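Q: I have a protein model open and would like to learn how to read it step by step. Could we go through it together?

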Amino acid sequence: MVLKRVLAWMRRERPTTPEPVNPNADESPDVIQYSDSYGNLVKSQRDLANPSEQNPLPTDVAPPIAALAGNIGERHVLVFIGHPHVGKAATANRILRYLSYFHGATCRRFDVTKYTTHTKERGELESLNKKLLTDLKEFLHGSEKDMMMNMKYSVEDEIDDPRKKHVDSGRVAILHASNCDQVLHNMWSGASKEGRRAIFDALQTMEIRVKCIFVEIIVTNSGMQAENLRQISEATTLAGRGEITLEQYTEQVRKYVRSYVSVQKDGSEDDLSYMKVFNYGEKVVTNKMRGYLPMRIVQFLSNIHTHKHTIYLTRHGQSDYNVLGKLGGNPGLSPAGQEYAKHLGAFAEASICRNENGEEVPARLWTSSLQRTINSAKHIPHPVLDNGQWEQMSNRVYRNLDEIFAGEYEGMTVEEIQQIAGDEAAMRKTDKIGYRYPRGESYFDLIARIDPLMHELESYKEPILIIAHQAVLRVIYSYLMDLPRELAPRESIPLHTVIKVTYGGGVHSSPSATHTYLGPNVAADNVVF
């Protein structure tokens with residue numbers, strides 16, 4: 001009965017809709033955005049915003065979900081401060097990627113160094129400061145027009161329209177300095193109490209409400225400092241700028257500390273919103289971090305670090321449903337899938353659980369709760385390391401990693417779906433990320449349930465193997481590889497292949513991926529719905 005009603009509704013004539021903005025089309029590579037003129041309505045819902053005889057006054061803003069909440073909302077400015085070479089740029093990049101991918105926020109980095117000059121001419125310095133403020137205003141005001149499209153019955157000059165307030169994600173500007181020494185005396189560096197106050201006051205001059213948050217990265221651990229220096233030296237050497245010695249590093253920090261002022265503990269800056277992160281999450285101090293998005297920022301930044309991440313992604317071995325071309329369910333492994341499980345066990349022991357020198361190192365294992373992923377891990381050995389303190393590849397089972405739920409179409413083939421619901425199949429093909437299976441899930445739902453796992457993933461330093469499913473791994477892979485989330489449903493995650501992703505480090509570098517096919521050969525996936 002439900003299916004009949006859905007099919008009847010689907011047969012109605014639908015308007016054509018524009019494609020979402022390509023997040024790579026912005027003139028600045030530091031901008032990540034997802035926007036359209038229909039607000040929070042995904043493509044497969046947009047005809048519902050049109051007046052009809054049954055509903056002449058439809059809602060034009062869909063109920064918010066975490067993955068789409070960024071299309072309307074408040075503006076935030078994150079200012080990263082701290083000593084040189086503590087990973088501020090890398091940290092800024094990770095939070096930018098996280099907020100844009102998992103919360104739909106339009107984010108942009110502003111490198112304060114580009115707005116600084118070596119001259120001490122007061123007029124030129126003031127001109128550059130004004131230029132940065134102007135660019136911030138232009139970026140933060142940018143979605144005001146889109147917001148009005150979401151609220152077509154409101155008046156354009158009603159700045160205090162309550163529908164524009166008390167929502168989060170919106171637009172996030174992220175300030176950091178690629179050269180701390182050069183910007184030390186620039187107010188936008190936030191390196192002094194006066195500078196932070198000036199930034200706060202400048203942002204209050206905007207016509208819209210802007211939440212300013214200072215993020216101070218503090219590294220006191222000598223081992224972490226040495227690791228940051230090693231990574232920076234390696235990066236500068238590769239760039240042809242020569243190696244940075246420990247003496248040079250120490251002298252640079254010593255000079256910077258003479259003028260740098262940490263966020264005060266004497267109460268003089270208690271009216272500001274800030275967080276202080278010590279040794280990448282060992283200790284976190286927050287002040288006035290209220291609201292949904294600020295709390296998510298605190299949680300995420302409490303988990304990240306500057307060590308390089310090594311993550312292995314693989315689908316389960318071929319399942320019985322893969323052979324039959326069926327969606328979802330909880331089938332076991334086919335004979336070919338069982339053979340892959342043996343190959344995966346040998347690969348994990350030789351390539352994941354050992355370093356380049358063949359020495360055994362601690363490693364982690366995650367699977368979904370479905371039997372085809374658990375059975376794919378059954379041949380991975382679990383020796384005990386570190387005098388009984390670490391069980392190698394101890395399996396953590398997460399329901400968050402379960403395959404996308406196809407609802408009424410669970411256990412059906414593509415052909416069967418097309419026979420009974422051809423329009424449904426066409427709609428999913430048009431809007432694969434926003435389409436939700438009847439009584440099932442969409443890719444946006446996957447993004448929302450994978451979000452908390454990425455916090456945990458960011459905190460680990462050991463290599464980790466994730467055995468999951470095609471749709472889930474598309475989301476994880478596209479996030480780790482800095483790919484646009486609306487393209488995630490198109491990513492290829494082949495069977496019987498391990499994808500190694502490496503990213504991170506104290507110096508920002510692009511993530512990289514390598515594919516290792518383990519076999520056995522199986523027919524290409526015929527489930528493309």
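The dialogue below goes from the whole chain to single residues and back to pairs of side chains.

Q: What should I know about the model and the numbering before I start?
A: This is a predicted model, in which local features need pLDDT of at least 70 and side-chain atom pairs count only at pLDDT 80 or more, while totals for chains, interfaces and linings use all residues. Residues are numbered from 1 along each chain as its sequence is written, and side-chain values use heavy atoms, with hydrogens and water left out.

Q: How many helices and strands are there in the chain?
A: Helices (H or I, at least four residues) and strands (E, at least two) are DSSP runs, numbered from the N terminus. In this chain there are 16 helices and 15 strands.

Q: What share of the residues is buried?
A: A residue is called buried under 20% relative accessible area, exposed over 50%, and partly exposed in between, with a 1.4 Å probe and protein chains only. Of the 529 residues in this chain, 54% are buried. Accessible areas come from the Shrake-Rupley method with a 1.4 Å probe, and for residues only the protein chains shown count as cover; the chain exposes about 24200 Å², of which carbon and sulfur atoms supply 51%.

Q: How do I read contacts, and which residues does Thr 497 touch beyond its neighbours within four places in sequence?
A: Contact means heavy atoms within 4.5 Å. In the chain, 74% of the contacts with a separation of 6 or more are between residues 24 or more positions apart. Thr 497 lies in strand S14, which covers residues 497-504, and Thr 497 is buried, with a relative accessible area of 7%. Leaving aside the neighbours within four places, Thr 497 is in contact with Leu 313, Thr 314, Arg 315, Tyr 340, His 515, Thr 516 and Tyr 517.

Q: In what order do the six strands of the open sheet lie?
A: Two strands pair if DSSP finds at least two bridges between them. Here six strands form an open sheet in the order S12-S9-S13-S8-S14-S15, with mixed pairing. The edge strands, each pairing on one side only, are S12 (395-397) and S15. Axes are lines fitted to C-alpha atoms, for helices over the stretch in contact, and angles run from 0 to 180 degrees between N-to-C directions; neighbouring strands of this sheet are turned by 20° against each other on average, direction ignored.

Q: Which helix packs on the sheet?
A: Helix H16 (residues 470-480) does, touching S8 (308-315), S13, S14 and S15, and the direction of H16 makes about 155° with that of S8. Within the sheet, strand S9 (residues 364-367) and strand S13 (residues 464-468) pair in the parallel sense over four bridges, and Thr 367 has Ile 467 in S13 as its bridge partner.

Q: What should I look for in the backbone angles?
A: Most residues other than glycine have a negative phi, and most peptide bonds are trans. Asn 387, however, has a positive phi near 55°; Asn 387 sits in the loop between strand S10 (384-385) and strand S11 (390-391) and is exposed, with a relative accessible area of 80%. Arg 439 also has a positive phi, near 60°, and lies in the loop between helix H14 (422-430) and helix H15 (443-459). A cis peptide bond, with omega about 5°, joins Gly 519 and Pro 520, and Pro 520 lies in the segment after strand S15 (512-517).

Q: How many salt bridges are there?
A: A salt bridge is a side-chain nitrogen of Lys or Arg within 4 Å of a carboxyl oxygen of Asp or Glu, and by this rule the count comes to 15. One of them joins Glu 408 and Arg 439, whose closest N and O atoms are 3.2 Å apart. Glu 408 lies in the loop between S12 and helix H13 (414-420) and Arg 439 in the loop between H14 and H15, so the pair ties together parts that are 31 residues apart in sequence. Arg 439 is exposed, at 67% relative accessibility.

Q: Where do Glu 251 and Lys 255 lie relative to each other?
A: They are four residues apart in helix H8 (residues 246-259), and are therefore separated by about one helical turn. Glu 251 is partly exposed at 29%, and Lys 255 is partly exposed at 46% relative accessibility.
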